Each structure stands twice: as C-alpha cells, then as structure tokens.
Amino acid sequence: MSREKAYRNLEAIYEKSCDDRALLFQHPDDYDKNRDFKEEDLEILKKRDFKTRLFICTTTILGDSVFLSTHFTDNLKHQTHFNFVRDYVKTLIMTKNWTAATSVLTDLLTMVFKMEPSAYNTFACTLASALSDEAANTDFEVSDELLRYKADAVIYRRKFIVLMRIIFDKISTKRFLVDNGATNIYRDVHCMNKVDRSNWAFAYFFFCFLLQICLVCYVIVQNLSYLCKSGISVTGDEEENCIEKNDWFGIFSRQPNKVPLAFLSTIFTAMRAHVEMTEALKISYFYGSNYLLKSIDLIVNVALPFILIIAGFTLIMNSESFIDAVLNATALGYISAIDDMLPGLLQLPEAELIMNCLIQESIEQFLDVTELSDEEINGRFNTSDPLNNIHFNDIYVTNMPEQGNDIHLGKIFMPHFVKKGKVLGDVVVGNSQFVTK
C-alpha cells in the first residue's frame with residue numbers, strides 16, 4: 001500500500017470512529033515541506049482545543065497502530081513506544097490471550113524502565129493527557145475487532161486506565177527504589193523470593209536483622225551500666241553505687257568536652273533516621289502480603305533509629321576518652337547502615353532484582369484485572385479515589401517528534417525556536433508549529 005493510500009485509509013478510520021469532533025490531518029510526509037494550512041484547515045483549527053489525544057486502532061498503518069492528536073493535526077509523528085501500549089490493551093479487550101499478555105507487559109515495562117529521561121517524559125506526559133478525565137482524551141477504532149459499539153467506549157477507557165495504572169505504579173516504585181537508591185537487604189530479599197521463589201535468600205535477612213538487633217541491645221546494656229554502676233566493697237559485701245541518686249544530667253558537668261560531639265552526632269543520627277523512616281513508611285506497600293519482611297523493615301528503619309538517637313547521646317557522653325567518643329559515634333552510624341551496605345557486600349544485582357520483581361507483580365495484577373467484570377471495573381470509578389479525577393493536558397507547541405539531548409554527539413533539541421506564522425485573530429497559526437533547524 002502506498003503512503004498516500006495508507007494516509008487516506010487512516011483518515012477514513014478516524015472519520016468513522018471520531019465523527020463527534022473536527023478532524024485535521026497534516027501527515028508526517030508534509031513536515032519537511034512546511035506546508036501551510038489551507039483556508040478550510042484554519043476554520044477547523046478554530047473548533048479544535050489544545051488537548052493531546054490518543055487514537056488506538058486495530059489497523060496498522062505504516063508501522064503504527066496508535067496515533068497522536070494535537071491542536072494542529074490528528075496524525076502527529078511520534079516514537080513507536082505507543083504501539084506497545086496498544087498491544088497491552090489489545091490482550092485484555094480483544095485477544096484475551098494471557099500468555100501473549102505477559103510477554104507484552106514484560107516488553108512494555110522493560111522498555112519504559114530503560115528509557116532515557118527525555119524520551120520517558122514525552123511518553124509519560126502524552127499518556128497522562130490521554131488518561132486524564134477518565135481517559136476522555138482516548139478514542140478507539142470502531143470495528144468488530146475492537147470497539148463494536150460507541151456506547152462501550154466508557155468501559156473501554158476505564159479498563160485502559162486500570163491497565164496503565166499498573167504500569168505507572170511500577171514505574172514509581174522503580175524510581176523510588178532504584179533511581180533514588182532506597183534499597184536495602186530486606187527489600188532485595190523480598191524481590192529474590194518473589195522472582196526465584198528461593199527461601200535461602202532469607203538467610204541474608206535473618207543474619208542482618210539479628211546483627212542489628214544484637215548491636216542495639218549491646219548499646220542499651222552499656223547505657224544501663226552507666227546509669228547504675230556495680231562494685232565490690234572491701235568487706236566483700238555487694239553495694240550499688242547509683243550515680244548521684246540518679247542525677248543523670250550530671251554528665252554534662254562531669255564531661256562537658258564531650259557535649260559538642262554528642263550533640264552533632266545526635267543531629268546526624270536524627271537526619272539519617274528521618275530519611276530511613278520516611279523511606280520505610282513510603283515503601284511499606286511494596287511488600288504486599290509479606291508481613292514478616294514488612295514488619296522487620298519497619299522495626300529496623302523506624303524503631304531502631306529512634307532508639308539510637310536517645311541511647312547514642314548517652315553513650316558518647318559517657319565515653320572514657322576522646323577516641324572512644326569518636327569510635328562510639330562512628331559505630332552508631334554503622335549500626336543503622338548495615339542493611340543498606342549488605343547488598344553491595346554480597347554483590348547483589350539490585351536493579352535487575354527489583355525490575356524483575358516489579359514485572360512479576362505487574363503480571364499478577366494484570367491477571368487479577370482479567371477476572372474483573374465490567375460492573376467491578378465501574379465500581380472502582382464510583383469511589384472517591386482522587387486518581388479518578390486527574391486532569392492533565394500535555395500541550396504540544398511543535399509537531400516535531402521528541403528527539404532528546406545527546407551531549408556526546410552535541411545534539412540539543414530546542415523546540416522553542418519557531419518560524420513566524422499567519423495571524424488569525426489573536427492566534428498565530430501556520431508555520432509557527434514547525435521548529436527551525
């Protein structure tokens with residue numbers, strides 16, 4: 001099929017499926033020609049908004065099955081990433097082939113995980129616009145293979161949202177754990193158990209947990225020994241020498257030279273504890289029904305840092321020498337960092353473990369969605385979930401595809417340089433959409 005005939009076929013599909021809005025086609029072949037808008041095109045532009053839309057169809061036209069609409073055209077040139085999205089939706093709505101679905105979902109998540117930031121931002125912003133307002137900016141081809149009746153468009157859009165929410169949830173988790181470096185041995189063991197189903201990984205988990213608990217207990221016992229020292233009298237009778245009748249604050253007057261290090265070390269421990277507590281509370285959902293690992297992670301990264309803040313101060317203040325105070329301060333930081341350092345010591349491939357785990361979880365969630373009826377899908381959108389009311393528009397100011405920046409090749413994509421276009425009222429149209437070279 002010639003390119004011209006293919007584009008005419010695309011226009012016919014659009015007109016059949018989207019007859020409720022003004023359509024305008026400026027095909028990718030026209031980009032390098034700087035084709036001006038015709039008078040009838042300018043009239044159509046007046047009726048079009050600036051929302052970015054997706055059109056998903058079963059027909060593949062010149063390698064694409066998902067088409068991008070902006071204010072200026074219904075066939076914007078784009079990367080082929082959206083074809084993966086079409087295949088993902090197709091497995092639930094059309095083919096119902098769960099084996100193919102797992103393969104497509106794996107490819108889609110792997111591709112998104114490895115995207116460069118510029119390409120991902122384009123991909124995510126476009127989908128966010130398409131999914132906003134309950135996916136009102138997403139249309140489907142009306143055909144026997146996809147959308148038989150236009151009245152079914154609402155449920156199709158809601159299924160599309162549910163499917164893409166799985167993807168974006170995993171992207172968010174991957175960014176938090178991998179990109180932000182919020183991993184530790186407990187989260188890695190959860191991933192290892194999820195992917196390999198091997199219980200031997202729990203040996204790492206138990207070793208790390210017992211070591212951290214043991215060290216904290218020793219710190220607590222040492223502090224208790226400072227509060228009440230025991231000794232043997234000359235007559236052999238045991239006597240208890242409590243420090244100045246429990247005058248605990250007397251340590252400030254007895255060892256004032258330890259106060260600066262104790263305060264600074266406590267502040268540092270508190271700062272680190274705040275980060276660990278925040279990470280542990282944010283990522284608690286990551287464990288799902290694995291309550292053992294979830295509880296241990298919360299204990300180690302929420303409870304223990306709080307204990308070390310209090311016990312660490314007295315430990316440093318009661319150190320016998322300056323070097324002991326320095327060693328105690330260093331040891332306190334080491335205790336809370338053991339679970340963070342152990343994966344590196346064991347040379348665990350954390351990024352791969354986490355991404356494989358997220359892919360496995362997404363497949364399980366997809367299979368759960370396949371068992372939902374249309375009524376159950378609609379029920380999810382009748383709740384007060386704020387994600388159901390997201391409004392986002394990605395307004396393209398250019399109809400050139402996102403190219404990204406490549407410092408090594410000296411390529412910089414700057415879409416803000418545009419040619420002067422025609423003035424239609426207060427709006428500049430025409431060649432103003434074309435980025436200058």
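The crossing of helix 4 and helix 6 is right-handed, a crossing being called right-handed if the near helix is turned clockwise from the far one by less than a right angle, and left-handed if anticlockwise. This is a predicted model, in which local features need pLDDT of at least 70 and side-chain atom pairs count only at pLDDT 80 or more, while totals for chains, interfaces and linings use all residues. Residues are numbered from 1 along each chain as its sequence is written, and side-chain values use heavy atoms, with hydrogens and water left out.

**Helix pairs**

Helices are DSSP runs (H or I, at least four residues), numbered from the N terminus. Their axes are lines fitted to C-alpha atoms over the stretch in contact, with angles running from 0 to 180 degrees between N-to-C directions.

| Helix pair | Axes come within | Crossing angle |
|---|---|---|
| helix 4 (residues 98-113) and helix 6 (residues 153-179) | 11 Å | roughly 40 degrees |
| helix 10 (residues 259-282) and helix 11 (residues 291-317) | 9 Å | roughly 175 degrees |

Helix 10 is therefore roughly antiparallel to helix 11, whereas the crossing angle of helix 4 and helix 6, roughly 40 degrees, makes helix 4 oblique to helix 6; angles under 35 degrees count as roughly parallel, over 145 as roughly antiparallel, 65 to 115 as roughly perpendicular and the rest as oblique.

On the helix 4 side, the contact with helix 6 (heavy atoms within 4.5 Å) is made by Leu105, Leu108, Leu109, Val112 and Phe113, which meet Ile167, Lys170, Ile171 and Lys174 of helix 6. These residues divide into seven nonpolar, no polar and two charged, where Ala, Val, Leu, Ile, Met, Phe, Trp, Tyr, Cys and Pro count as nonpolar, Asp, Glu, Lys and Arg as charged, and the others, Gly among them, as polar. For the contact of helix 10 with helix 11, the division is 18 nonpolar, four polar and two charged.

**Cysteines and alanine 203**

Zero disulfides are found in a search of the whole structure, a disulfide being a pair of cysteine sulfur atoms within 2.5 Å. For cysteine 18, the nearest cysteine sulfur belongs to cysteine 57 and lies 10.0 Å away; for cysteine 191, the sulfur of cysteine 357 is the nearest, at 3.8 Å. Cysteine 18 is buried, with a relative accessible area of 1%, and cysteine 191 also counts as buried, at 0% relative accessibility (buried means under 20% relative accessible area, exposed over 50%, partly exposed in between, with a 1.4 Å probe and protein chains only).

Alanine 203, found in helix 8 (residues 202-227), counts as partly exposed because its relative accessibility is 45%. The C-alpha atom of alanine 203 is separated by 9.2 Å from that of valine 189, 14 residues apart along the chain.

Methods: Helix = DSSP H or I, 4+ residues; strand = E, 2+ residues; numbered from the N terminus.
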